[in-house]
Amino acid sequence: LLLLLLPAAHGIVEVGPRPALTREQLEGVTTASTFVLDQPRCTFKDYGDAVIWLVVALDKGISNFNSSAGPGTPETAFQSFPESVSAYMTLNATLDSYPCPKPAGDITVLRVGSETSCAKDASRPTCNGPLPGPGPYRVKFLALEGSVPVAETDWSKPITLRTAKSPSSIPTAGSGHSAGMIAITAILSILLAILLAALVAMLVFCGSDSCGSSTFSKPESVTVRRYNTHHVYDQPAARL
Amino acid sequence: MAKSDDCVHILQGLLVFGNVVIGMCGIALTAECIYVVSNPHGAYPLLKATENSDIHAAAWIGIFVGLALFALAILGIIGVIKASRTLLLAYIILMLITFAFEMASSITAATHQDSQTPNVLLKQMLERYQKSDPNNNSDNEVTKTWDELMRQNHCCGVNGPSDWQEYTSAFRDTHSDADYPWPRACCVLDAKGLPVNLDGCKLGVSGYYNSNGCYDAMSGPVNTHAWGVAWFGFAILCWTFCVLLGTMFYWSGIEY
């Protein structure tokens with residue numbers, strides 16, 4: 001009997017599906033301090049009068065959350081999360097904001113962590129402020145009629161946010177030399193070496209007048225230099 | 001003798017032709033290197049900031065080598081026609097010196113391509129973009145250049161907007177992650193320079209933000225220039241090698 005009484009006393013109906021990161025292709029599904037959920041369309045369609053709240057908690061703090069805690073109280077204030085508050089409540093909306101069914105083609109998401117202006121403002125305990133660390137976090141939706149909770153979803157799977165590395169961890173060492181550069185260097189070095197060797201050979205063997213005199217003849221005007229003067233003396237001798 | 005006369009004339013003709021080609025290629029090399037040096041492509045301040053201006057050193061050497069090649073080609077033509085040993089010896093030695101310089105330029109340009117990895121630019125961008133130090137002029141240059149680059153080429157970061165999420169940065173120190181997952185310049189902007197849909201941009205809805213990285217837009221023109229200087233120089237040198245060998249053979253056959 002006692003067991004039957006307990007659920008009746010609570011009166012909170014569990015509805016599904018549980019919240020999840022959006023399936024839309026968005027670059028910012030998770031960032032370092034925000035994440036994006038799908039809106040709870042059609043989840044609370046039987047509770048037309050309720051106000052739907054989002055409860056955000058650290059993975060290790062979900063057992064401390066009491067569904068009868070009220071939003072906007074110090075026990076659920078965002079500004080004290082996670083030091084003294086194990087779960088905060090934010091992003092309240094009536095069912096009108098989540099019409100069912102969702103029109104095809106619309107992007108219906110909730111960005112958790114988008115309000116930066118009230119992050120330190122204690123007078124706004126239901127602020128949707130940026131999350132203070134990488135998590136992992138778990139969320140659930142809670143429907144309240146007045147201050148009485150009437151329906152809730154199950155806790156989501158743990159959501160871990162991105163952690164940024166320091167730029168000094170980027171390796172900037174040279175990636176080695178490409179094939180093209182090695183080819184250029186090798187081939188040009190060989191060509192230069194051959195040329196220098198040929199130059200040395202050319203100067204050593206042909207530096208003095210020791211090669212090629214019969215191979216090429218110079219242009220006509222130069223042959224005058226080869227004229228042997230002793231012919232002049234011979235001719236008069238032969239005539240006599 | 002007639003046969004070897006023909007051989008001589010053929011060899012002379014080939015050498016003159018070879019030198020004409022070298023002269024023209026020298027002019028072309030000078031023109032190409034002047035273009036590379038003076039081309040105001042947008043990414044130059046970033047290259048200057050990374051102290052990686054090998055390509056400019058290579059291009060400057062290329063300008064003077066090109067002019068030298070042209071002058072030496074004329075000297076070579078005169079030397080071949082006159083069959084003068086001294087002229088041709090001077091030609092060969094000066095050509096070898098020019099060959100060495102052009103070799104240096106070509107290898108430098110080829111090395112530049114290897115050292116220009118995205119990581120160097122990524123690190124520079126993360127450390128200096130929007131670094132709020134009003135005294136440091138070169139940081140402001142980096143910021144202005146990146147903003148212009150991202151707006152004109154519709155790109156974001158080096159590899160993509162995820163650069164700003166994966167690493168901490170000088171930008172992240174002054175701009176909160178929730179308000180600025182990536183800089184506003186990564187959003188699709190309207191004619192006034194304001195984001196078309198700021199929430200869409202912050203969420204990363206395609207169509208409202210630039211999803212591709214800027215590395216291709218930046219490195220593309222610079223790498224083409226480096227490629228041009230390196231391989232054109234290499235081609236000229238191969239041709240010069242043949243002409244020089246021919247000239248040396250011709251020189252050794254000239255009567256004293």
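In the structure considered here, which is a predicted model, residues 12–37 of chain B are 100% helix and 0% strand, with the end C-alpha atoms separated by 37 Å. The span of residues 88–110 of chain B is likewise 100% helix and 0% strand, and its end C-alpha atoms lie 32 Å apart. For chain A, the "transmembrane region" annotation of the unreviewed UniProt entry covers residues 182–205, a stretch that is 100% helix and 0% strand and whose end C-alpha atoms are 34 Å apart.

Helix α2 of chain A (residues 179–206) packs with helix α10 of chain B (residues 215–252) at an angle of about 15 degrees, the axes being 11 Å apart. Because angles under 35 degrees count as roughly parallel, α2(A) and α10(B) are therefore described as roughly parallel to each other. The crossing of these two helices, α2(A) and α10(B), is left-handed. On the side of α2(A), the residues making the contact include A:Gly180, A:Ile184, A:Leu188, A:Leu191, A:Leu195, A:Met202 and A:Cys206, while α10(B) contributes residues among them B:Trp231, B:Phe234, B:Cys238, B:Phe241, B:Leu245, B:Met248, B:Trp251 and B:Ser252. Classified by residue type, the contact of α2(A) with α10(B) comprises 21 nonpolar and 2 polar residues, with no charged residues.

How values were computed: Residues are numbered from 1 along each chain as its sequence is written. Chains are lettered from A and ligands numbered from 1 in the order in which they are written. This is a predicted model: local features need pLDDT of at least 70, side-chain atom pairs count only at pLDDT 80 or more; totals for chains, interfaces and linings use all residues. Side-chain values use heavy atoms; hydrogens and water are left out. Axes are lines fitted to C-alpha atoms, for helices over the stretch in contact, and angles run from 0 to 180 degrees between N-to-C directions. Helices (H or I, at least four residues) and strands (E, at least two) are DSSP runs, numbered from the N terminus. Angles under 35 degrees count as roughly parallel, over 145 as roughly antiparallel, 65 to 115 as roughly perpendicular and the rest as oblique. A crossing is left-handed if the near helix is turned anticlockwise from the far one by less than a right angle, and right-handed if clockwise. Contact means heavy atoms within 4.5 Å. Ala, Val, Leu, Ile, Met, Phe, Trp, Tyr, Cys and Pro count as nonpolar, Asp, Glu, Lys and Arg as charged, and the others, Gly among them, as polar. UniProt positions are given in the numbering used here, feature names are shortened, and annotations may be inferred rather than shown by experiment.
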